[in-house]
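Please keep the sequence and the structure in view while reading.

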Amino acid sequence: MCGIVGYHGREGARDILIDALRRLEYRGYDSAGIAISQDGSVKIARKQGKVSDLWNAICNENFEGSMGLAHTRWATHGVPSERNAHPHKVGDITVVHNGIIENYLELKESLKQDGRTFVSDTDTEVIPHLIVNYLDKGSDFEEAVRLALKRLKGSYAIGVMRDGSDTMIAAKKESPLLVGVGKDEFMIASDAPAIINRTNSFIFLEDNDIVIITNGEMRITDFDGAAVNREIKTVQWTGAMAEKGGYRHFMLKEIFEQPRALTETLIGRIREEEGDVVFEDLNLPDVSKIRKIWMVACGTSYHACLIGKNMFEANLRIPVETDIASEFRYRDPILDKDDLVILVSQSGETADTIAAMKEVKKKGLYTLAICNVLGSTLSRDSHGVIYTHAGPEIGVASTKAFTTQISVFFMLMLYLGKLRGVLDGDDVRRHLTELKKLPHHITAILKSSAAIEEIAQANMHYGHFLYLGRGINFPTVLEGALKLKEISYIHAEAYAAGEMKHGPIALIDENMPIVVVSPKDQTYKKTCSNIEEVITRRGKVFLFTDSFDHDMAPKVNAVFVIPETIYELQPILSIVPLQLMAYYMANHLGTDVDQPRNLAKSVTVE
Ligand code: F6R
């Protein structure tokens with residue numbers, strides 16, 4: 001996730017900003033840059049790689065000024081490179097940006113028609129161009145920024161400086177930004193850890209706030225220039241707490257980030273009114289010829305594929321084969337030249353998934369990657385790529401990558417359905433309306449995390465758990481069980497509920513708690529019969545469903561109600577309490593949640 005810092009004060013900005021960038025490193029990034037206002041102009045340095053590479057490049061250079069901006073970039077538009085790194089300077093305007101400008105292609109086109117040339121592949125570059133445009137038309141600096149911001153759709157936190165000016169302007173909409181208020185200095189930052197060593201007094205900006213820092217003073221306005229009052233708050237975080245945004249572990253932070261990760265994955269891709277989904281640069285071959293789709297991945301990403309299969313087959317009526325990448329690569333699958341092969345990976349560096357992609361390419365087929373890391377091997381070497389914009393996932397156990405992968409499958413299903421003529425604009429619009437509600441629904445689930453923690457704490461002494469689900473929620477429980485075993489080291493198995501009587505029922509007694517995910521769909525009653533069978537054998541049951549069941553509630557040990565949504569999207573909601581349950585059990589058991597034993601975040605070996 002990109003990180004922004006800015007300094008406006010009396011001391012040398014360079015060292016303060018580099019130190020702040022180092023404190024933002026935990027967010028994950030691929031390049032870094034700095035801009036210092038010096039002798040009437042803004043001087044810039046950018047580097048692909050680490051903050052230390054940037055520091056090595058500038059430590060012996062003359063960068064002396066007491067106002068500056070700096071940035072760590074997590075690529076979303078344009079591969080990681082010096083050219084795409086921030087700050088971006090156009091004319092006398094310098095900008096750093098975090099977020100995604102949804103309408104940047106439109107803006108870029110119209111700016112190009114005005115004769116403007118672009119030197120990066122980023123969405124960000126439209127911002128300084130727009131500001132310069134308004135300056136050329138006679139606006140002053142502040143007004144030019146305001147007018148430019150009004151043209152942007154999407155999410156952003158920005159910092160802006162102008163050659164020859166002592167003023168720094170910052171603004172935010174849907175991306176985090178705060179102002180640190182120090183002695184004779186102001187700082188801006190994406191989050192508190194970047195600057196907590198200099199101040200613990202913060203103004204947490206709200207959407208549509210514009211901050212103007214000039215002449216040692218700071219004021220806040222709205223997008224029309226009207227003054228806004230914001231309270232200065234004092235925080236008492238330790239450095240480590242602040243780094244995780246106040247969460248105890250990255251995994252918990254990432255679970256709670258899911259509403260935002262989903263929103264960012266949807267931004268710019270869904271056109272609800274038109275009933276359309278848009279993907280850039282897919283270059284798909286003729287989709288009317290596809291007879292079979294393959295979905296290939298490992299671990300959590302493989303579970304997302306199982307969900308993709310369910311929704312694709314139900315809506316597109318195309319056969320889908322799912323494969324674990326390490327199996328696929330060696331079993332010489334029977335591929336037809338018109339098959340579509342989708343490879344899914346959070347990191348884009350998983351050796352087995354990359355090897356599977358190479359096998360497919362060798363046979364001359366088109367490959368499509370669903371990936372979270374821009375510029376990763378899988379994303380570079382596949383013919384097409386759709387990014388999940390989940391932001392960096394630092395906790396080893398995958399959480400927000402999973403839910404965003406499912407959302408991409410959902411959008412891709414609608415996209416292909418429309419292209420193949422099996423879904424019309426009304427169908428797509430109806431589905432998109434439900435998709436858009438998900439961030440709100442997840443927020444509601446997260447508000448009930450205390451109830452999940454209670455269940456987790458009361459039951460973490462069990463040595464085994466059985467998870468049951470059906471249909472599209474069978475992969476959900478596979479994923480729930482994987483989360484539990486990998487971070488708490490409690491043994492967990494997941495079964496399709498209908499399979500219970502074919503074997504696992506033998507395991508059930510008072511020492512085998514059962515986690516059941518069963519929204520009230522066509523198989524709910526059948527799953528209730530499975531629950532009855534468990535209860536008769538003295539098993540404990542925790543039921544996750546989408547409306548309170550007065551008949552079942554007295555019989556089971558706990559019922560957790562998940563908001564209602566359409567069948568295809570249920571896993572995005574029902575996995576969240578299971579992620580939380582695994583997290584809280586592991587946390588109370590005292591395991592190393594973010595780096596569980598024997599596991600690596602990116603499995604780059606076979
Ligand atoms: C589980 C987990 C792993 C990964 C798997 C694939 O929490 O993180 O199972 O899902 O190693 O990784 P990616 O998606 O990076 O290919």
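The expected span of a helix is 1.5 Å times one less than its number of residues. Helices (H or I, at least four residues) and strands (E, at least two) are DSSP runs, numbered from the N terminus. The model is predicted: local features need pLDDT of at least 70 and side-chain atom pairs count only at pLDDT 80 or more, while totals for chains, interfaces and linings use all residues. Residues are numbered from 1 along each chain as its sequence is written, and side-chain values use heavy atoms, with hydrogens and water left out.

Helix α18 (residues 570-589) has 20 residues and should span 28 Å at 1.5 Å a residue; its end C-alpha atoms are 29 Å apart, which agrees. Buried means under 20% relative accessible area, with exposed over 50% and partly exposed in between (1.4 Å probe, protein chains only). Of the 20 residues of α18, 18 are buried, so the helix is largely enclosed by the rest of the structure. Gly590 follows α18 and has a positive phi, near 85°.

The ligand is surrounded by 15 residues, and the closest are Ser301, Ser345, Ser347, Thr350 and Glu486. A residue is near a molecule if one of its heavy atoms lies within 4 Å of it. Polar contacts are pairs of N or O atoms within 3.5 Å; within protein, one must be able to donate a hydrogen and the other to accept it, and residues adjacent in sequence count only if both atoms are side-chain atoms.

| Residue | Polar atom | Distance |
|---|---|---|
| Ser345 | side chain | 2.6 Å |
| Ser398 | backbone | 2.9 Å |
| Glu486 | side chain | 2.5 Å |

On its own the ligand has 410 Å² of accessible area (Shrake-Rupley method, 1.4 Å probe), and the protein covers 89% of that area. Helices α9 (299-316) and α16 (473-488) are the elements that give two or more residues to the shell. Domain 2 (252-440) and domain 3 (448-589), with bounds from an automatic or database domain assignment, both give residues to this shell, so the ligand lies between them.

Ser398 also has a polar contact of 3.0 Å with Glu393, side chain to side chain. Glu393 sits in the loop between β21 (384-387) and α13 (400-419), and its side chain reaches the backbone nitrogen of Ala401 at 3.0 Å. At 7% relative accessibility, Glu393 counts as buried.

Asn103 is in the loop between β6 (93-101) and α3 (104-113). Asn103 counts as buried at 6% relative accessibility.
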